[in-house]
Amino acid sequence: MTSETEDDSVRVLDESDGVELLIYLVTAARTQVDEAAEYAPMRLLTAAGRLAEMAEPNASARLRPLLRDVRQAVSETAVQAGDPAGYVERLDALCRTVAEYLVRSLSLDTSP
Amino acid sequence: MNDAVLHAIRTRRVARALTDAPVGHDQLRAVLDSARYAPHAGNRRLHRYVVVTRPSLLRAVRMVSPGMLQHPMAAIVVCVDWAKVHGYGFSPVNPGPYIDVGTAAATLLLAAHSIGLAAGPVTSFSRTALATILNLPAEVEPELIICLGHAATGQPPGMRRQGQPGWDDLIQWERG
């Protein structure tokens with residue numbers, strides 16, 4: 001079983017993964033200039049999904065469920081035009097998921 | 001009545017998840033060859049088709065293509081040769097070359113479908129980065145990528161929109 005301390009120092013990305021994500025972000029910034037505004041959150045979520053996919057194989061046991069949750073929650077084709085209220089609800093649910101992970105991983109609920 | 005063409009049109013889908021099963025060279029040639037028969041204004045051959053099959057090159061293409069959700073086993077990049085376009089005296093705002101990219105894309109997608117391949121178009125990519133990666137001449141600009149492969153079982157949902165307008169709302173018969 002990996003200790004919490006070891007978990008914190010796990011390296012989850014190799015250089016080529018980092019480069020891939022970096023290039024995605026730079027080129028997405030450029031393509032977004034010409035694309036519909038509603039694509040912007042979708043591109044960010046795609047980046048989150050790609051990051052989760054890259055990190056999952058090397059991630060700690062503690063982090064892995066969060067990465068799976070992110071990948072499952074991220075629909076790479078979802079835009080808000082079809083269902084704006086539902087879209088915001090799903091994003092809020094994902095935000096809640098990552099925040100709850102932070103609370104647990106940083107022991108915020110027990111620290112003074 | 002032979003409705004094979006209509007059937008192909010109605011059953012084609014954009015594939016956003018592909019397996020790692022390879023695309024055969026003959027399949028690739030068959031898809032490429034279909035673009036010869038796409039309706040192009042004046043049959044002027046203003047377009048170029050760049051075929052990518054090398055895994056490292058495909059990975060690089062995907063990196064600069066935020067809209068590429070799938071991992072294609074092959075890709076056809078439809079480009080416009082702007083030197084040829086200008087040579088014909090087209091106005092810079094003439095949409096013809098772009099329209100012909102669309103007719104080529106539709107034909108390529110249907111051809112892929114007809115031989116059992118899955119395909120999906122991608123237009124969200126950095127033109128500059130892709131041209132650099134593919135070492136294209138300055139006057140040749142990439143405009144659309146056709147991703148090719150075999151459809152994975154689980155596909156991301158399509159982009160669905162609710163409510164109006166309905167299909168018939170988009171059609172005008174005769175004068176408005």
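## Chain B: make-up and overall form

Chain B holds 6 helices and 4 strands. Along the sequence, these elements follow the pattern α-α-β-α-β-α-α-β-α-β. The model is a predicted one. The radius of gyration of chain B is 17 Å, close to the 16 Å that the globule rule gives for 176 residues, so chain B is as compact as a globular protein of that length. Taken along the principal axes, the C-alpha atoms of chain B fill a box of roughly 45 × 45 × 35 Å.

In chain B, 32% of the 176 residues count as buried. Take the contacts in chain B between residues at least 6 apart in sequence: 83% of them join residues at least 24 apart.

## The sheet of chain B

The 4 strands of chain B form an open sheet. Their order is S1-S2-S4-S3, and the pairing is antiparallel. Strand S1 (47-52) and strand S3 (118-122) are the edge strands, each pairing on one side only. From one strand to the next, the twist averages 25°. Strands of a sheet pair through backbone hydrogen bonds, either parallel or antiparallel.

Strand S4 (residues 140-149) of chain B pairs with strand S2 (residues 74-81) over 8 bridges, in the antiparallel sense. S3(B) is an edge strand, yet it is mostly covered: 4 of its 5 residues are buried.

## Helix packing in chain B

Helix H2 (residues 25-34) and helix H5 (residues 96-114) of chain B pack at an angle of about 145°. Their axes are 8 Å apart. The crossing of H2(B) and H5(B) is right-handed. From H2(B), the contact uses B:Ala30, B:Val31 and B:Ser34. From H5(B), it uses B:Thr107, B:Leu108, B:Ala111 and B:Ala112. By class, that contact has 5 nonpolar and 2 polar residues, with no charged ones.

Which residues of helix H3 (residues 55-63) of chain B are buried? They are B:Val61, B:Arg62 and B:Met63. The buried residues of H3(B) pack against S1, S2 and helix H6 (127-134) of chain B. They also pack against helix H2 (15-34) of chain A.

Chain A has 5 helices and 0 strands. Its pattern along the sequence is α-α-α-α-α. Of its 112 residues, 14% count as buried. Among contacts in chain A between residues at least 6 apart in sequence, 61% link residues at least 24 apart.

Two packed helices are described by the angle between their axes and the distance between the axes. For helix H3 (residues 39-55) and helix H4 (residues 64-73) of chain A, the angle is about 145° and the axes are 9 Å apart. The crossing of H3(A) and H4(A) is left-handed. H3(A) brings A:Ala48, A:Gly49, A:Ala52, A:Glu53 and A:Ala55 to the contact. H4(A) meets them with A:Leu67, A:Val70 and A:Arg71. By class, this contact has 5 nonpolar, 1 polar and 2 charged residues.

## Where the two chains touch

How many residues does each chain give to the contact? Chain B gives 16 residues and chain A gives 17 residues. On the side of chain B that touches chain A, the residues divide into 9 nonpolar, 4 polar and 3 charged.

## Two residues with positive phi

A:Ser107 has a positive phi of about 55°, although it is not a glycine. This residue lies in the segment after helix H5 (84-105) of chain A. Is A:Ser107 buried or exposed? A:Ser107 has 9 other C-beta atoms within 10 Å, so it is exposed.

B:Arg45 is not a glycine either, and has a positive phi of about 55°. Its place is in the loop between H2 and S1 of chain B. B:Arg45 has 11 other C-beta atoms within 10 Å, so it too is exposed. The cut-off behind this call is 12 or fewer such atoms.

Technical notes. Residues are numbered from 1 along each chain as its sequence is written. Chains are lettered from A and ligands numbered from 1 in the order in which they are written. This is a predicted model: local features need pLDDT of at least 70, side-chain atom pairs count only at pLDDT 80 or more; totals for chains, interfaces and linings use all residues. Two residues are in contact if their C-beta atoms, placed from the backbone, lie within 7 Å. Ala, Val, Leu, Ile, Met, Phe, Trp, Tyr, Cys and Pro count as nonpolar, Asp, Glu, Lys and Arg as charged, and the others, Gly among them, as polar. Axes are lines fitted to C-alpha atoms, for helices over the stretch in contact, and angles run from 0 to 180 degrees between N-to-C directions. A crossing is left-handed if the near helix is turned anticlockwise from the far one by less than a right angle, and right-handed if clockwise. Two strands pair if DSSP finds at least two bridges between them. The radius of gyration is taken over C-alpha atoms; the globule rule is 2.2 Å times the number of residues to the power 0.38. A residue is buried if 20 or more other C-beta atoms lie within 10 Å of its own, exposed if 12 or fewer, and partly exposed in between; C-beta atoms are placed from the backbone.
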